[in-house]
Amino acid sequence: MHVVGPRLPLGRPVLCLVSNRRRLVASLGGGVDSIEAVVAQVRAAAEADVDLVQIREPDLSDGQLVNLVASCLEVTQDTQTRVLVNGRLDIALAVGAAGVHLRSDSIAACRVRELAPASFLVGRSVHDVTEAREAVAAGGLDYLIYGTVRATVSKPVGHRLSGFTGLARAVQVADVPVLAIGGITEQELPMVRCAGAAGFAAIGVFINHQVSRSYSEFRERTSQARKILSTG
């Protein structure tokens, strides 16, 4: 498993929640405000000591996204949880988020470094080993998110999958931590660990951790995930 860099949590596997308010509200049975639901989920994630929260809500207006990120920063204040914005460096910098998560077609991470403070986290999504190698060679990254590893409801049927073999190859060519994404459940965590990944990013597994609106089992299950990733 990779040693995690100075801008990421040290000495343990990294867990990253990726927001998806539509899936979250559907899991709650409807009838709740989707923005409030995301903020509540992020609060629960912070209480459960989740390392990173990536706000990924591409259909929100700029104003709505600013307000959502600001609310998430408020509920994670004085915790170890770092809030990142997917694809929107401008909003991440304007609101004071901990970092930005770049899409595979976003601007270069080294360019972000010219614009952001030293403590700013910069990650990027990659989908194959070539992309992983090129992204790392370009410099400026703190981590990669690699996938889609397994089939997931977030991607259409027939979407290209890398599998754990592809994940392991990406880890081998990257000199920054690699997080797995795509269909990762508790059952797959031993394979994530064996591939050498530094942790995982997910939508569904964190929604599935919610057994009630109080998120009563959130901390227990995230602790278990980190324990599985640390074993061996």
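**Strand pairing, crossovers and loop geometry in a predicted barrel**

D78 is placed in the loop between α3 (62–75) and β3. Helices (H or I, at least four residues) and strands (E, at least two) are DSSP runs, numbered from the N terminus. The model is predicted: local features need pLDDT of at least 70, side-chain atom pairs count only at pLDDT 80 or more, and totals for chains, interfaces and linings use all residues. Residues are numbered from 1 along each chain as its sequence is written, and side-chain values use heavy atoms, with hydrogens and water left out.

D78 is not a glycine, yet its phi is positive, at about 65 degrees. The residue is exposed, with a relative accessible area of 77%. Exposed means over 50% relative accessible area, buried under 20%, and partly exposed in between (1.4 Å probe, protein chains only). D49 also has a positive phi, near 70 degrees, and is a residue other than glycine. D49 sits in the loop between α2 (34–47) and β2 (52–55).

Eight strands form a closed barrel in the order β1-β2-β3-β4-β5-β6-β7-β8, with parallel pairing. Neighbouring strands of this sheet are turned by 25 degrees against each other on average, direction ignored. Axes are lines fitted to C-alpha atoms, for helices over the stretch in contact, and angles run from 0 to 180 degrees between N-to-C directions. Two strands pair if DSSP finds at least two bridges between them.

Strand β3 (residues 82–86) runs parallel to β4, and three bridges join the two. L84 stands opposite G99 in β4. The chain passes from β3 through helix α4 (residues 89–95) to β4 in a right-handed β-α-β crossover. Right-handed means that, with the strands pointing away from the viewer, the path from the first strand over the helix to the second runs clockwise.

In β4 (residues 99–102), G99 and H101 point one way, V100 and L102 the other, and all are buried. Four bridges link β4 to the parallel strand β5 (residues 121–126). Here L102 faces R124 in β5. Together, β4, helix α5 (residues 109–115) and β5 make a right-handed β-α-β unit.

Strands β5 and β6 (residues 143–146) are parallel and joined by four bridges. R124 stands opposite L144 in β6. Helix α6 (residues 129–138) lies across β5 and β6, at about 155 degrees to β5. Contact means heavy atoms within 4.5 Å. Helix α7 (residues 163–173) lies across β6 and β7 (178–180), at about 170 degrees to β7.

The peptide bond from G147 to T148 is cis, with omega near 20 degrees. T148 belongs to the loop between β6 and α7.
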